[in-house]
Amino acid sequence: MKTTLFALAALTATGGALAQSSSVTLFGVVDASVAHVSTKDGSVTGLANGGNASSRLGFRGVEDLGNGLKASFWLEGGINVDDGGSGFKFDRRSTIGLLGNFGEVRLGRDKTPTYQNLETFHAFGDSGMGAINGHNLISSSAAGTIEGSNPKRYSNSISYLLPKMNGFYGQASYAFGEKAKGNSNSLSSSMGVRLGYGNGPLNVALGYGTTKGGTAADTINYKTFNLGASYNFGMLTPMVLIASERGNNQRVDLYSVGVKAPVGPGEVRAAVSWYKDKKRNERDSVRLALGYGYKLSKRTELYATVAHMSNDDNATRKLGTSLAHTVAAGKNATGYELGLRHNF
Amino acid sequence: MKTTLFALAALTATGGALAQSSSVTLFGVVDASVAHVSTKDGSVTGLANGGNASSRLGFRGVEDLGNGLKASFWLEGGINVDDGGSGFKFDRRSTIGLLGNFGEVRLGRDKTPTYQNLETFHAFGDSGMGAINGHNLISSSAAGTIEGSNPKRYSNSISYLLPKMNGFYGQASYAFGEKAKGNSNSLSSSMGVRLGYGNGPLNVALGYGTTKGGTAADTINYKTFNLGASYNFGMLTPMVLIASERGNNQRVDLYSVGVKAPVGPGEVRAAVSWYKDKKRNERDSVRLALGYGYKLSKRTELYATVAHMSNDDNATRKLGTSLAHTVAAGKNATGYELGLRHNF
Amino acid sequence: MKTTLFALAALTATGGALAQSSSVTLFGVVDASVAHVSTKDGSVTGLANGGNASSRLGFRGVEDLGNGLKASFWLEGGINVDDGGSGFKFDRRSTIGLLGNFGEVRLGRDKTPTYQNLETFHAFGDSGMGAINGHNLISSSAAGTIEGSNPKRYSNSISYLLPKMNGFYGQASYAFGEKAKGNSNSLSSSMGVRLGYGNGPLNVALGYGTTKGGTAADTINYKTFNLGASYNFGMLTPMVLIASERGNNQRVDLYSVGVKAPVGPGEVRAAVSWYKDKKRNERDSVRLALGYGYKLSKRTELYATVAHMSNDDNATRKLGTSLAHTVAAGKNATGYELGLRHNF
């Protein structure tokens, strides 16, 4: 259920038909969990944010312009339920778009095409103790890039999305670096494409993106590629994800297989994910994650997740996205959380 | 009046009964005043924020899950009406909870149990020129604690609230410090309990809380205790508050008596508060506050407050919560404000 | 169309009449454009924010108190659609007011009286590539002032607005500096007045304001004056603006003529603006701006703007308000943008 605020003034003036076609919707997710992560060096327990889905607050709307044309906007910001956050901003999505038979043109800040595959084809998405952690495989602070070697979102972007046609979907995005020509500091434009096919039980999609980093004299092009697929057999929905990120003489690959299965009034989720550093020794990791979500209603879920990260001698990969912890080189980590998620 | 946004989409689909039980509410307070504070060294005049009630904006909702169970969320952030603020965040409250016959379990950031007594049993609450200023009596920057020696709110907390039963109410809260075991930097977990009885004209409650500060080698446990009571005689509601805060070889006690009385289309408020530093000389203070709130409607109030702080030779206690000013050691301060408060 | 959220609870309790008179409105603007600015030294292309109108999100409400008296609040913050922004805050306007036959008294942060003329009597307002850039003509970081030599908005202000009478309108505002008496650091109080006449096709207004800067020993009073007028002939609406800013041994004058004209399903806008530095040599500039706004609906507009800034040898004036760029002394700049603006 979304809380759609029909424009009552317009409804009075023009009747229900128009009012139905123009709306502003207030929406959000509030999600918190008690979480624990331990390694042989120590452990930490606390309240984590977004264990099942990222906590957020948003405002969005669609206006019917006639002749099959629509204008839309979407303003969505992340929330830290655990501590109230450090400053609300529309960092998750802030876009304005025009939609029609031709598809959609969208301007602003939005998820990258490649990132959408990472969260779609992992049983835990990008939230909580079992989160895929699948972007910025090389570096979250890659020189000269704005948000790492493979950003989760593009600022200053323009996107084109295909209209729905026989199950095919797709998107191409370009993010301006906004650096002056001749600027020797850095180049940080990005582009990405995604093409998929979702029809009945099958969903399959591939993505490709590049991000420019470095200085003008020493440009580094980070490249990312991924391919995901899932098939809903009813009893269970297996899924597979292959991703690779390359640049600056590094390459990290990610392989993940997972499954979602309805069990009782909820859903079991499981995934195994392999991180392979192809250029450096002893930097691989394997993560196992197992969880159950108990649906209290369509909008509200009690969930529990356990996960284990097995790190090679030089690897330091962590678990989850919220509870701060450190993992020394070669140490394994075990985490669990029990939480409550509510959509509005 | 609260602006409750019934879920119209759901209402259409499922009928009024469910729609009534699931709602998202937008609410807030906007409050500003012209304020003045003077000491013998000088004076300052300006626009103050929240002279009668803290300015805020919030979103909250309740979902009926059936069988007496409910899910709820509450997102509320402070607003500076005087200058627009430095960054909106859900710092006043960000919680998700499950409610039932058993009471409520709540996760997130919320007011501490002890703080609720401070604002309840003082005629001016914690707002404006007559504000109780009753938490962090020892230090608002106590070493190793997150928000002082006695925080107003807990981040990373889990609370249990008693169900209503024969007038008794109560709450126990624990706030994770989220420090790794063996971490030598600081420990900052907190806990607090509150137990009260409110029936007819009588309301009485006590609170107790601890906050861990310092380093692992030198742990400091700050402790706070308070007891408040009020009785509504109709013509007037007298109230009393006793509070004490101890830790790091310090102890500060607070005693306050006050009264609220309906007079004409409004309410007279008065309070006398004594601050007693039990370990250090000449650090005591006494504050007198007198105010009147004229109700323009149930939601809107014009108010005026005058207050005087009498400081011992080494005391530097200030007046109010918004207008920045300094008080040199041993100087008295006089303040007044005239403002307008609106709830929505 | 504004999304007015009638207070449904009150509506149920008291009937439609009261509900109509008490409301909370959610409103906003989302505006982004692809923009380009070039000088002989280089160029930059990117996504700009607010090319046609400043992107924003707000909450406002009015309560009818009876006897012709109303209480109102207005909370409005700027949004960066291009990158999500760095922290949402109610920096555009945060006020509470009382309205009646006597006019309005308003407290909080609000646009200055003089600034309102600058945006009203320029064909491009203060948004986008053709923006007037007409405040802080001397300095946006004038010593001892909070927001430059001629602030766009006052924090900590109290305003009185005339009631509507025969077309005359007016406003006087005072912004507290909130500095203690005897404070040697800085003085930063401001005041401004605006008086206008708008009746039928004619609109004319003048504004005057002062801002105190500097130290107590060396006080600088910045003064600003402006006069604007427009006349709607139907086929076109010509407008003229004269502004001057003085202080700290500097003086910069601004002259601007412009026109808006309905053409097809939209509007042509054009303006020429002269910036005259009266105390320093070779610091003058001239800007030409031409644009067209194509109305997709009452709420949504596609727009295109081109602008050229011609700078004297020592002048460095830029174009627009969003896309970051530098203009070396004496270099001319050319910019254009193509964008989409949606009101909700």
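Which side chains of chain A and chain C meet in a salt bridge? In this predicted model, the partners are A:Glu63 and C:Arg299, with a distance of 3.9 Å from N to O.

## Where chain A meets chain C

The count between chain A and chain C is one salt bridge, and there are also nine residue pairs in polar contact between these chains, both residues of each pair being at pLDDT 80 or more. Several elements of chain A each supply at least two residues to the side that touches chain C, namely helix H1 (8-14), strand E4 (56-66), strand E5 (69-78), strand E6 (93-100), strand E7 (103-111) and strand E8 (153-161). Of these, E6(A) gives the most, with five residues. Sorted by class, this side of chain A has 20 nonpolar, eight polar and seven charged residues.

The contact as a whole takes 35 residues from chain A and 39 residues from chain C. The size of an interface is often given as the accessible area lost when the parts come together. For chain A and chain C, the buried area is about 3000 Å², and 74% of it lies on carbon and sulfur atoms.

## Where chain B meets chain C

Turning to chain B, the contact with chain C takes 40 residues from chain B and 36 residues from chain C, while the two chains bury about 3000 Å² between them, 74% of it on carbon and sulfur atoms. One salt bridge is counted between chain B and chain C, and B:Arg299 forms a salt bridge with C:Glu63, where the closest N and O atoms are 3.9 Å apart. Nine residue pairs are in polar contact between chain B and chain C, with both residues at pLDDT 80 or more.

On the side of chain B that touches chain C, at least two residues each come from strand E1 (3-6), strand E2 (23-39), strand E3 (42-49), strand E4 (56-66), strand E17 (300-311) and strand E18 (333-343). The largest share, six residues, comes from E3(B), and the residues of this side divide into 19 nonpolar, 15 polar and six charged.

## How the copies are related

Chain B is superposed on chain C by a rotation of 120° with 0.0 Å of shift along its axis, and the RMSD is 0.1 Å. That is the relation of a three-fold axis. The copies use different surfaces, since 10% of the contact residues of chain B recur in chain C.

## The form of chain A

Chain A contains three helices and 18 strands, and its C-alpha trace spans about 70 × 60 × 40 Å along its principal axes. A compact globule with 344 residues would have a radius of gyration near 20 Å, and chain A, with 21 Å, agrees with this.

Methods:
Residues numbered from 1 in each chain as written. Chains lettered and ligands numbered in written order. Heavy atoms only, no water. Contact = heavy atoms within 4.5 Å. Buried area = accessible area lost by both parts, 1.4 Å probe. Salt bridge = Lys/Arg side-chain N within 4 Å of Asp/Glu carboxyl O. Polar contact = N/O pair within 3.5 Å; in protein donor to acceptor, adjacent residues only side chain to side chain. Helix = DSSP H or I, 4+ residues; strand = E, 2+ residues; numbered from the N terminus. Nonpolar A, V, L, I, M, F, W, Y, C, P; charged D, E, K, R; others polar. Least-squares fit on C-alpha atoms with pLDDT ≥ 70 in both. Rg over C-alpha atoms; globule rule 2.2 N^0.38 Å.
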